[in-house]
Amino acid sequence: MWASRLTTSFRRNTTDSIVSSANSCTPTLFLQTNRLNCRKFRSIAPSNTQHQHRTNSTSATINGAAYQTDTWFNVPQNIIEKVPRRLHLQKDHPVYITRQIIESVFPTPTYKYHNTFNPVVTTHQNFDSLGFPKDHPGRAKSDTYYINSDTLLRTHTSAHQADVFRANISDGYLISADVYRRDEVDRSHYPIFHQMEGARSWDRAKIANGDVAAAILSDLEKLPNHTIQVQDPNPPFHDQRNPRQADHHSPAEAEAIAAHLKKSLELMVVEIFTRAKAAAVKADPNFVDEPLQVRWVEAYFPFTSPSWELEVYYSGDWLEVLGCGVVKQDIYINAGVPNQLGWAFGIGLERIAMLLFQIPDIRLFWSQDERFLNQFKGVSDDLSSLKRFVPFSKYPSCAKDVSFWLRSSSAAGGNTKANVHDFHENDVMEIVRSVAGDVVEDVKLVDEFTHPKTGRKSMCYRINYRSLERTLTNSEANDLHDEVNKVLVEKLGVEIR
């Protein structure tokens, strides 16, 4: 949970505006005329029963393993089916290539790579081991996919942090993995995405004279230099805004850890954006380069203190790249390695891949269309051959509106009684995804109204249907939309207007 997957500034560069007219098919420019027949489309579009879970009343099978379920279970079948895909392990896939590039900055044996951890974890691993409060919103069923009350699909790679610290087999590590969160539907959000978690630790017991700060600064001197412009106006820590862990770290130790962390991640940024520039020049020999700039922004995360976000100035805007900080000492203590101290960071691989390859729609990462995949063949074996994605089509969109009254029995629908189950927007997003899958480009709330007499609330969402592979007819969009309406009524108890 280091940072939002794609920031607003980046999203502006990679998404189209919502279509202006509802319940219509809007034609757009075809970059390449290549239409598939309706029969082929039906083979890639979700069926009308896809929203149903292929589980019995007490268990669910995920990636070949059976798990007991209870009333907390909320993982739809379309998510379960994608768990085995693990894009970060598919050679020549953009997510795999992005992982390779980042790993090259953190060499073995100092850093060990962990890429195959099971996505099913316990609530203790995902939340408790990292110090998440019991009332943290990330624990809610509206945000997280639960198998049962104690088991879930990890929401971040940090779920494995304490276990790797406990194993204590290397000074540093990188964890790459698929992670899962219920979220909005648009071209920069997907319920499954890929993160990389990195950490570097030092052991007091292994340092001569116990001068940890000196040892860290010695390791800092061994790192390569760079020439990028860095804005870092704030002190290494601030007692009120961004405090050091005074009970565990001296000022010198906190400052040394911060310096090593920042230099390491700045070098990673140099590697990523140098390759992005090279790809841009290949696509356009007249590409105008600009000096690479980064800035450090104070932040808050439950498992680090002090903490920062790293932003990069790219293509005329500031892009939030990652979150990081000095690891909370309680995590080391609870992992059985109390003598260790160090830093950690987390980064979204799709976010970086979209920038590197100029991929405009996050759904494309899950495409099995050869027109997409063939563009990256051979890059894993020769990173210097990396080039920007060339769009093979831009098919028309079909926008449909759905308006409904919320249940009067819900708090959101007007009931003021305590403990009434609230409506959550992510429930709408999940139903749309489960019914229409990747045929949906985005879903936006366009209007809401509260009746002045009854207090009931009405919501209106615009669903933008657009296939990545062929033209979607208005009739096909209508069929999908009718099914969405039906399931909204069945699952949420809403009243269609």
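Biologist: Why is strand β13 (residues 317-327) called largely enclosed by the rest of the structure?

Modeller: Buried means under 20% relative accessible area, with exposed over 50% and partly exposed in between (1.4 Å probe, protein chains only). In strand β13, 11 of the 11 residues are buried, so the strand is largely enclosed by the rest of the structure. This is a predicted model, in which local features need pLDDT of at least 70 and side-chain atom pairs count only at pLDDT 80 or more, while totals for chains, interfaces and linings use all residues. Residues are numbered from 1 along each chain as its sequence is written, and side-chain values use heavy atoms, with hydrogens and water left out.

Biologist: What makes residues 317-327 a strand?

Modeller: Helices (H or I, at least four residues) and strands (E, at least two) are DSSP runs, numbered from the N terminus. Strand β13 has 11 residues. The protein chain holds 13 helices and 18 strands.

Biologist: How do you know that β13 pairs with strand β12 (residues 304-314)?

Modeller: Two strands pair if DSSP finds at least two bridges between them. β12 and β13 run antiparallel and are joined by 9 bridges, so by that definition they pair. Tyr314 has Asp317 in β13 as its bridge partner. In this hairpin, 2 residues lie between the strands, and Ser315 takes a positive phi near 55°.

Biologist: Which strand pairs with β13 over 5 bridges?

Modeller: That is strand β14 (residues 340-348), in the antiparallel sense. Cys324 stands opposite Phe345 in β14. Strand β9 (residues 192-203) and β14 are also antiparallel, with 9 bridges, and Ala199 has Ala344 in β14 as its bridge partner.

Biologist: What is the order of the strands in the open sheet?

Modeller: The 8 strands follow the order β4-β8-β9-β14-β13-β12-β11-β10, with mixed pairing. β4 (111-114) and β10 (229-231) stand at the edges with a single partner strand each, so one side of each has no neighbour in the sheet. Neighbouring strands are turned by 25° against each other on average, direction ignored.

Biologist: Which helix packs on the sheet, and which strands does this helix touch?

Modeller: Helix α4 (residues 94-103) touches β4, β8 (172-180), β9 and β14. Contact means heavy atoms within 4.5 Å. The direction of α4 makes about 15° with that of β9; axes are lines fitted to C-alpha atoms, for helices over the stretch in contact, and angles run from 0 to 180 degrees between N-to-C directions.

Biologist: How many residues does the protein chain have, and what percentage is buried?

Modeller: The chain has 497 residues, and 56% of them are buried.
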